[in-house]
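Open the structure in your viewer and keep the selection tool ready. We will go from stop to stop, selecting as we go.

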Amino acid sequence: MKLSVSPPPWAGAPVVVLISGLGGSASYWLPQLAALEQEYQVVCYDQRGTGSNTATLPEDYSLAQMARELHEALLTAGISRYAVVGHALGALVGLQLAIDSPEAVSALVCINGWLTLNPHTRRCFQIRERLLHAGGAQAWVEAQPLFLYPADWMAARAPRMEAEEALALAHFQGKTNLLRRLAALKSADFSHQAARVACPVQVICSADDLLVPTVCSTALHAALPRSTKVVMRHGGHACNVTEPESFNTLLLNGLASLLHRPEPVF
């Protein structure tokens, strides 16, 4: 699997791995790269079955496979210890990595993630699946911003929304891959495993997230033994995109705090 690895700002700089959500694209993190690369060696990647890592995913594709693929790719790149920043599906992959490879994950930031799928989130995905089956990629892509961004933010950026839709259609991961990745996401359940996450965790959520209610982050924070929680008042599901300055400050401060905590013993 191809990774994009930035040069370290200095010898021995900590590594931060960015994992996007269901879209799977490394480009999701563009608003964070400049800020992070000043202090960390940053790893981005298109998830398997998306972007530059093309593949037809197996029917039984799972979150455990997503985590294992990334961990093995990092080891191949010579990276054995890293912090993870994950958004939504990416947060779940981060949790899986922290459970399966605790010696590798130094810290974890979960953005609008969850322990198990909330009924409201499940309903949103059911609606989106119906749109995909009825209207194909066009319908999926056109509806996607409604679940990502606040209404006033979208209304003020109509040309940008049109450009994003055209780009998303041009790089659409394919119906089969999308449905298999979505199935893996929906079946993930960390309610009985969260206590095994040994690394420190920062939970970030947005109060106006249409797709993932803040109660999901509240439950996640309560279940993780070494976690803190921060709520952004605005930003929607993609709060790192819509409110990058506020988000980047939270992220940089959070990573600095997490990485200076005492290391767990394995």
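Contact here means heavy atoms within 4.5 Å. The model is predicted: local features need pLDDT of at least 70, side-chain atom pairs count only at pLDDT 80 or more, and totals for chains, interfaces and linings use all residues. Residues are numbered from 1 along each chain as its sequence is written, and side-chain values use heavy atoms, with hydrogens and water left out.

**Stop 1: aspartate 46**

Select aspartate 46. Not counting residues up to four places away in sequence, aspartate 46 touches Met1, Gly24, Ser25, Ala26, Gly51, Ser52 and Asn53. Aspartate 46 lies in the loop between strand S3 (41–44) and helix H2 (63–76). Helices (H or I, at least four residues) and strands (E, at least two) are DSSP runs, numbered from the N terminus.

Which side chain of opposite charge is nearest to aspartate 46? It is lysine 2, 8.2 Å away. Lys and Arg count as positive and Asp and Glu as negative; His and the chain ends are not counted. Aspartate 46 has no salt bridge (a side-chain nitrogen of Lys or Arg within 4 Å of a carboxyl oxygen of Asp or Glu). Yet aspartate 46 is buried. Buried means under 20% relative accessible area, exposed over 50%, partly exposed in between (1.4 Å probe, protein chains only).

Now show the backbone of alanine 26. The side chain of aspartate 46 reaches its backbone nitrogen at 2.9 Å.

**Stop 2: asparagine 53**

Asparagine 53 is in the loop between S3 and H2. Is asparagine 53 buried or exposed? It counts as buried because its relative accessibility is 8%. Its side chain reaches the backbone nitrogen of lysine 2 at 2.8 Å. Leaving aside neighbours within four places in sequence, asparagine 53 is in contact with Met1, Lys2, Asp46, Gln47 and Arg48.

**Stop 3: the cavity and the pocket**

On a 1 Å grid over the protein atoms alone, a cavity is a set of points where a 1.4 Å probe fits but cannot get out. A pocket is an open set with protein on both sides within 12 Å along at least five of seven lines, and lining residues have an atom within 4 Å of a point. Grid points are joined across faces, edges and corners, and a volume is the space filled by probe spheres set on the points.

A search of the whole structure finds 1 cavity of 30 Å³ or more. The largest cavity holds about 40 Å³ of space. Select its lining: Met1, Tyr45, Gln47, Arg48, Tyr61, Met66, Glu69, Val93 and Arg181.

The largest pocket holds about 980 Å³. It is lined by 38 residues, and Gly23, Ser25, Ser27, Tyr28 and Gln144 are the closest to its centre. Helices H1 (30–37), H4 (119–148), H6 (158–170) and H7 (175–187) each give two or more residues to this lining. H4 gives the most, with 7 residues.

**Stop 4: helix H1**

In H1, select Gln32, Leu33, Ala35 and Leu36, which are buried. The buried residues of H1 pack against strand S2 (15–19), S3, helix H9 (239–242) and helix H10 (244–259).

**Stop 5: cysteine 216**

Find cysteine 216 in helix H8 (residues 214–223). Cysteine 216 is buried, with a relative accessible area of 6%. Beyond its neighbours within four places in sequence, cysteine 216 is in contact with Gly113, Trp114 and Asn118.

Definitions and conventions:
Polar contact = N/O pair within 3.5 Å; in protein donor to acceptor, adjacent residues only side chain to side chain.
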